[in-house]
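Work through the exercises below with the sequence and the coordinates open. Each task is followed by a solution in steps.

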Amino acid sequence: MLECKNIGFYYNRSNWLFRNIHLSIERGEIIGIYGKSGSGKTTLAKIMANYLSPMEGEVLVDGEKSNHSEVYPVQLIWQHPEQAINPKWKLSKIFEEAKELDQDIPSILGIKEEWLNRRAHELSGGELQRFCIARAFHPDTRYIIADEITSMFDAITQAQIWHALIRLVKERNIGVLAISHHISLLERISDRIIDFNQLKGASEKSF
């Protein structure tokens with residue numbers, strides 16, 4: 001499992017964003033987390049995906065600390081796909097970056113072959129997000145953090161993306177932490193749901 005043990009983080013030493021976070025995600029499980037903006041959900045996501053180091057505690061992946069010499073098995077899909085893709089790249093390079101990507105992933109996500117020769121500004125946000133999701137399915141990926149990945153999209157695009165993502169993670173036994181403001185969405189896709197405010201105030205309790 002992916003485990004947060006006693007995680008704490010602050011941007012200002014006198015004001016902790018959160019402390020004593022205990023959270024675990026099993027392979028194949030989808031956990032939903034909801035909470036208000038600015039509560040620290042995205043910061044926790046960055047810590048779990050090894051973009052930030054916690055001030056306290058540790059993150060374990062299947063019982064081990066991160067190994068920076070290898071591809072990190074926890075992948076973060078960002079809310080704004082245009083910020084996660086190099087604007088100078090043609091989109092075909094995203095698949096080159098992912099390496100050994102299963103051939104069925106683009107079709108499952110509805111990625112059209114004609115998009116591969118375009119650059120990021122030539123596609124819509126929903127089309128770009130499909131590439132970011134595809135990139136997350138590196139062969140070494142065991143867990144995915146999905147941070148508000150469909151919040152900008154209409155209901156049809158949102159449903160299409162989540163339907164494809166759930167199919168892929170279930171087929172590959174990948175654990176998912178889905179972060180959203182919309183509890184109604186989380187109720188449709190999650191095996192269990194956590195209120196982030198309760199998680200922050202739980203002291204030694206594990207979720």
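This is a predicted model: local features need pLDDT of at least 70, side-chain atom pairs count only at pLDDT 80 or more; totals for chains, interfaces and linings use all residues.

**Exercise 1. Overall dimensions**

Task: Decide whether the radius of gyration agrees or disagrees with that of a compact globule, given 207 residues.

Solution: 
1. For a chain of 207 residues, the rule for a compact globule gives a radius of gyration near 17 Å.
2. The protein has 17 Å, so the value agrees with the rule.
3. The C-alpha trace spans about 50 × 40 × 35 Å along the principal axes.
4. The secondary structure of the protein consists of 7 helices and 8 strands.

**Exercise 2. Burial and contacts**

Task: State what share of the residues is buried, and what share of the contacts with a separation of 6 or more joins residues 24 or more positions apart.

Solution: 
1. Of the 207 residues, 49% are buried.
2. Among contacts with a separation of 6 or more, 74% are between residues 24 or more positions apart.

**Exercise 3. The largest pocket**

Task: Give the volume of the largest pocket and find which residues are closest to its centre.

Solution: 
1. The volume of the largest pocket is about 270 Å³.
2. Its lining has 14 residues, and those closest to the centre are Y51, Q75, E97, R135 and A136.
3. Two or more lining residues come from each of β5 (74-77), α2 (92-98) and α4 (125-136).
4. Sorted by class, the lining holds 9 nonpolar, 2 polar and 3 charged residues.

**Exercise 4. The enclosed space**

Task: Determine how many cavities of 30 Å³ or more the whole structure contains, and describe the lining of the largest cavity.

Solution: 
1. A search of the whole structure returns 1 cavity of 30 Å³ or more.
2. The largest cavity has a volume of about 50 Å³.
3. Its lining is made up of A146, E148, I149, T150, S151, W162, I179, S180, H182 and L185.
4. By class, these lining residues are 5 nonpolar, 4 polar and 1 charged.

**Exercise 5. A136**

Task: Is A136 buried or exposed, and which residues does A136 contact beyond its neighbours within four places in sequence?

Solution: 
1. A136 lies in helix α4.
2. Its relative accessibility is 4%, so A136 counts as buried, the cut-off being under 20%.
3. Beyond its neighbours within four places in sequence, A136 is in contact with Q75, I77, T141 and I144.
4. I77 is 59 residues from A136 along the chain, yet their C-alpha atoms are separated by 7.0 Å.
5. Both A136 and Q75 are among the residues closest to the centre of the largest pocket.

**Exercise 6. P106**

Task: Apply the burial cut-off to P106 and list its contacts, not counting residues up to four places away in sequence.

Solution: 
1. P106 is placed in helix α3 (residues 104-108).
2. With a relative accessible area of 15%, P106 is buried.
3. Its contacts, not counting residues up to four places away in sequence, are F95 and I111.
4. The C-alpha atoms of P106 and F95 are 9.4 Å apart, with the two residues 11 apart along the chain.

**Exercise 7. Helix α1**

Task: Find how many of the 8 residues of helix α1 are buried, and which residue just after α1 takes a positive phi.

Solution: 
1. Helix α1 covers residues 41-48 and is mostly covered, with 6 of its 8 residues buried.
2. The buried residues are K41, T43, L44, A45, I47 and M48.
3. Just after α1, N50 has a positive phi of about 75°.

Key: Residues are numbered from 1 along each chain as its sequence is written. Side-chain values use heavy atoms; hydrogens and water are left out. On a 1 Å grid over the protein atoms alone, a cavity is a set of points where a 1.4 Å probe fits but cannot get out, and a pocket is an open set with protein on both sides within 12 Å along at least five of seven lines; lining residues have an atom within 4 Å of a point. Grid points are joined across faces, edges and corners, and a volume is the space filled by probe spheres set on the points. Helices (H or I, at least four residues) and strands (E, at least two) are DSSP runs, numbered from the N terminus. Ala, Val, Leu, Ile, Met, Phe, Trp, Tyr, Cys and Pro count as nonpolar, Asp, Glu, Lys and Arg as charged, and the others, Gly among them, as polar. The radius of gyration is taken over C-alpha atoms; the globule rule is 2.2 Å times the number of residues to the power 0.38. Buried means under 20% relative accessible area, exposed over 50%, partly exposed in between (1.4 Å probe, protein chains only). Contact means heavy atoms within 4.5 Å.
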